[in-house]
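Here is a short report on how two chains meet. Look at the structure first, then read on.

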Number of protein chains: 2
Amino acid sequence: MNTVVQKYGGSSVATPERIQIVAENILKLKSQGKAPVVVVSAMGKSTDDLIKLALEINPEPSKREMDMLLSTGEQITTSLLAMALDRLGHKAVSLTGYQCGIITDDFHSKAKIHQINTARINKELNNDNIVIVAGFQGYNVDSGDITTLGRGGSDTSAVALAIALEAEKCEIYTDVTGIYTSDPRKVKKAHQLSEISYDEMLELAKLGANVMHPRSIELARKNNMILYVRSSFDFDNMGTKIMEVKPMEKAQVRGVTLDENITRISVPRVPDKPGIAYKLFSALSAQNVHIDMIIQNLNYEGVNDISFTIPTDDLGIVLPIVNAFVFEVASEEALVEQNVAKLSIVGTSITSDAKIASGLFGILSDLGINIEMISTSEIKISCIVAQNDAINALNEVHDFFISNHLIQ
Amino acid sequence: MNTVVQKYGGSSVATPERIQIVAENILKLKSQGKAPVVVVSAMGKSTDDLIKLALEINPEPSKREMDMLLSTGEQITTSLLAMALDRLGHKAVSLTGYQCGIITDDFHSKAKIHQINTARINKELNNDNIVIVAGFQGYNVDSGDITTLGRGGSDTSAVALAIALEAEKCEIYTDVTGIYTSDPRKVKKAHQLSEISYDEMLELAKLGANVMHPRSIELARKNNMILYVRSSFDFDNMGTKIMEVKPMEKAQVRGVTLDENITRISVPRVPDKPGIAYKLFSALSAQNVHIDMIIQNLNYEGVNDISFTIPTDDLGIVLPIVNAFVFEVASEEALVEQNVAKLSIVGTSITSDAKIASGLFGILSDLGINIEMISTSEIKISCIVAQNDAINALNEVHDFFISNHLIQ
């Protein structure tokens, strides 16, 4: 069975016309002798409408009931897409998460997939049916309750199904044509990549290239499932292939990103005692705050200056914790700087080539831009810069590493 | 367990405000020490919206996929109502037809309930949860597919659950306060009945008192489940109780109805041969046409005049069949009369009291109204009259049998 899993996001199935277009694309795959298993999201913004309705009734709805409610959105799309395929002359069958055996834990609203019993899907494929699966949902086998998978849920459904079905590949259809070297809205010269490694894609996803959720990419990487990110608005574009790429000898910058939703917090003159930083960061992580960069400078007077960055959205949670910490350890008052942005370059092994880091710092220096913080991983170098300089810096760095190298 | 099943129709749960009102009514029942099991329909006209969406995509959608689609409407209501109860401080749990064990046959869009496995509902009731069930739906245990119960489905869900749970009673909440002696829009003096027998209610339901579908009433009668028809817009009104009523010695007319959606068809001069009427009526019933009254007069020339009535909506199906019959048996051309209406009086044993029939014919005669056809059952007498005379006749008959007798 040459199974191929396709996933169509909300904008791809937002209207009856869009559903027809998607059905035609599925039949194209079928006519190539493949067995399509198609995962769909809820139509357009219909999930938001359901959330609004729920909040009108109860500002703090139980997660179990929210899952019951929201899972209907994907179910609606599955049946409509099966009808569209039927009209085009091909048998299709829609399945809920329960019906296609997607078993999860019982963490409603952010469930994790434990297992997929593929018996029903295989039976339908053997009957030459195109199988349409409701994304984002599963069920807990102990309670019999419907669960949802949380953010990036439909992508995760698709990747997990592809793995369970030993599919050839998993195509993620969205409203962009693929992965770009940078955000085309900010960098005119940004261009689409024909392929990218899981690791690079993961860094880009985490750094704000909002195409796929890191969770589904990690799952694909672990199982070596080849992904394609493609557009359902431009089927001629073959999209970006995401796969295990053997690092080439020469390290290359593959993408340049900018995250403007970031705030730097500095706590000056923290007493230099063991465990004192742990106290602060464990309190923050207990609130699920994602702390990105941390810098701690030992000052000559035997006190530390601690700086770190957080998503600006979390500021309301973070400030009370930081203020309590300041009070407890008797440091100086915390400084909050929102006018910052994180500029990053991404590419396999780039930190192993010192010329790349020095090149980055050189450009920023030539532009007269001060680097406030730096962090690196094996495939990423990030700098915190002033937000006012950020777009200019992004374009210059993209020019230097990518446009002038003509990497595809 | 003092279980009471309540069912709320689409208009009762059409908006978040309505759902709040329903939640409060459920808590009133709970505070009386009862264990509520609540069956809900889809919100307002949302089922119609889904049907419209489906027909845009496929003018002839498969019934399996329609069931998958439409079942989401009730599921949405269940979760919202559970959220509303939770907000009012009481634990509630929503269940799909599958989750509460409503097993049906596999006739999609008109499935019949085979069995209800009440284990899950009982478990939830034992945990002091209010149980909210999606009406209109079940599942087929062989395929694992979602089914819907067709017209009157949510009422049927409610009655079947009440029977399976051995509930004290089943309350059907709708947008009218109960069962009336006649249609209040046509008969000013019509008043609400405090109770009525299953048989009488069945006749009224069949004759167009559009409150409950006959199917659910029959199910209640067979199992002697006490029903209440009540309004969710007027909780002070105790509604109409439907139950087994021992016939009193004196037969009474309990309701007067008028069905204007009726057409009379006459086929004159049909040869008087055995099986010739069967030929016509079996062809019609093969198309699911409900033939109501049939009159066959043997004419002195050895030919029959056959007349019958059909719902006017079925005329498009009926005419070609009748014309083919006319051609085959070489009778005279069929006559179609749409300007007719069916006036009926309903009451247990009324045909056993000759004075009632003669009373009816007397009034119509006094009004100068010609009775074109008559049919009777044990609890009903129907007359076909000209539509122009019908509303006047309805009021006069209601006056004579009901208003002037002050029957409650």
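Contact here means heavy atoms within 4.5 Å. This is a predicted model, in which local features need pLDDT of at least 70, side-chain atom pairs count only at pLDDT 80 or more, and totals for chains, interfaces and linings use all residues. Residues are numbered from 1 along each chain as its sequence is written, chains are lettered from A in the order in which they are written, and side-chain values use heavy atoms, with hydrogens and water left out.

**Two residues within the chains**

Leaving aside neighbours within four places in sequence, Gly44(B) is in contact with Gly10(B) and Ala14(B). Gly44(B) sits in the loop between strand 2 (35-40) and helix 2 of chain B. Helices (H or I, at least four residues) and strands (E, at least two) are DSSP runs, numbered from the N terminus. His90(A) lies in the loop between helix 3 (63-87) and strand 3 (92-95) of chain A. Not counting residues up to four places away in sequence, His90(A) touches Leu27(A), Lys30(A), Leu85(A), Asp128(A) and Ile130(A).

Buried means under 20% relative accessible area, exposed over 50%, and partly exposed in between (1.4 Å probe, protein chains only).

| Residue | Relative accessible area | Class |
|---|---|---|
| His90(A) | 15% | buried |
| Gly44(B) | 32% | partly exposed |

**Where the chains meet**

Chain B gives 44 residues to the contact, and chain A gives 44 residues. Together they bury about 3,400 Å², 59% of it on carbon and sulfur atoms. Buried area is the accessible area (1.4 Å probe) that two parts lose on being put together, summed over both.

Two salt bridges link chain B and chain A. A salt bridge puts a side-chain nitrogen of Lys or Arg within 4 Å of a carboxyl oxygen of Asp or Glu. Arg120(B) and Asp145(A) form a salt bridge through their side chains, at 2.7 Å from N to O.

Which helix supplies the largest share of the side of chain B that touches chain A? Helix 3 of chain B does, with 17 residues.

**How the copies are related**

A rotation of 180° with 0.0 Å of shift along its axis superposes chain B on chain A, with an RMSD of 0.1 Å. The two copies are therefore related as by a two-fold rotation axis. Superposition is by least squares on the C-alpha atoms of residues with pLDDT of at least 70 in both copies. Among the residues of chain B, Thr72(B) comes closest to the rotation axis, at 2.7 Å (C-alpha). The same surface serves both copies, as 100% of the contact residues of chain B recur in chain A.
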